[in-house]
Amino acid sequence: MFAWASVLNQSGPTEFVFRVFTPVPEFQALLFLLFLLLYLMILCGNMAIIWVVCTHSSLRTPMYFFLSNLSFLEICYTSVVVPLMLSNIFGAQKPIPLAGCGAQMFFFVTLGSTDCFLLAVMAYDRYVAICHPLHYTLIMTQKLCVQMVVGSLGLALFLSLQLTALIFTLPFCGRRREINHFLCDVPPVLRLACADIHVHQAVLYVVGILVLTVPFVLICVSYVFITLAILRIRSAEGRKRAFSTCSSHLTVVLLQYGCCSLVYLRPRSSTSEDEDRQIALVYTFVTPLLNPLIYTLRNKDVKGALKNAISLKATSDAH
């Protein structure tokens, strides 16, 4: 906690500003409406999943428990970034103080890391369900599910706290520095430091491996066993159902880990700030929006529960 206090106690009134997307007012209005619409769709889609899982007893299984937690994470994750981003689209550049930038980075890294760990937990859940179906309820108990979610959040908090505190012990030259991004992400903030950052880049790389590479390898191993188990299923309908439940998760995994790896695990010499900002738009808007779409469109249980909920609501309104 002493290290975190250094974020607040840096000498000098250092502030950051975000680079504007465009100086053209018409494009500003268009971008604002587009991002606002995407944000509202993310909120509605993910809240719908949480509501359906909480109100339908047939969906009170480990898989849907993890899915509702993933949806809650996506809501928090985008809410850390998008409102501030929307407020900076119009008008002059609005400064964000050092402590505010540190807080946004801390929550962004924490929630993003928890998201990655939770996707690995969901892969383990699918592995147990398909490879050990007779022992599934004995292994995936409610207690274990809660422990896995809390453990994912705890590990993410620990890594994020260390990384953010380390970065904000660096000196930043000048009173107002422009971040070539729409949020206080680690790589663009590191570029503004006026000190040697080789150690900090090495730490970022290690954290990136722990958050992205290790869970992704575990997911790949899980899916190797899952694929082998599915191929042993004799009925075509059984194989189709098993592949369907896994393909939704795998689509989200590839998009999330692929985009994040391009930003955090590429060598700094081969990256461009503008590319990082464009890729960040994908995991800020596209992935959180695709989560509810993929899981509802490709999942008969969730689709059925949503249809029942809507029809019941329509019936009650009619009466």
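**Pockets and cavities**

Tutor: In this predicted model, α8 gives the most to the lining of the second largest pocket, with 6 residues.

Student: What makes a residue part of the lining of the second largest pocket, and which residues lie nearest its centre?

Tutor: A lining residue must have an atom within 4 Å of a point of the pocket. By that rule 16 residues line the second largest pocket, and Phe117, Ala120, Val121, Pro215 and Leu218 are nearest its centre. Two or more lining residues come from each of α4 (98–131), α6 (142–167) and α8 (198–231). The volume of this pocket is about 270 Å³.

Student: How do you know what classes of residue form the lining of the second largest pocket?

Tutor: Phe, Ala, Val, Pro and Leu count as nonpolar, whereas Asp, Glu, Lys and Arg count as charged. Sorted in this way, the lining has 13 nonpolar, 3 polar and no charged residues.

Student: Why is a space called a cavity and not a pocket?

Tutor: A cavity is a space where a 1.4 Å probe fits but cannot get out, whereas a pocket is open. By this rule there are 3 cavities of 30 Å³ or more.

Student: Which residues are closest to the centre of the largest cavity?

Tutor: They are Val109, Gly112, Ser113, Val211 and Tyr264, out of 16 lining residues. The elements giving two or more residues to this lining are α4, α8 and α9 (236–264).

Methods:
Residues numbered from 1 in each chain as written. Predicted model: local features only at pLDDT ≥ 70, side-chain atom pairs only at ≥ 80, totals over all residues. Heavy atoms only, no water. 1 Å grid on protein atoms, 1.4 Å probe; cavity = no way out; pocket = protein on both sides within 12 Å on 5 of 7 lines; lining within 4 Å. Points joined across faces, edges and corners; volume = space filled by probe spheres on them. Helix = DSSP H or I, 4+ residues; strand = E, 2+ residues; numbered from the N terminus.
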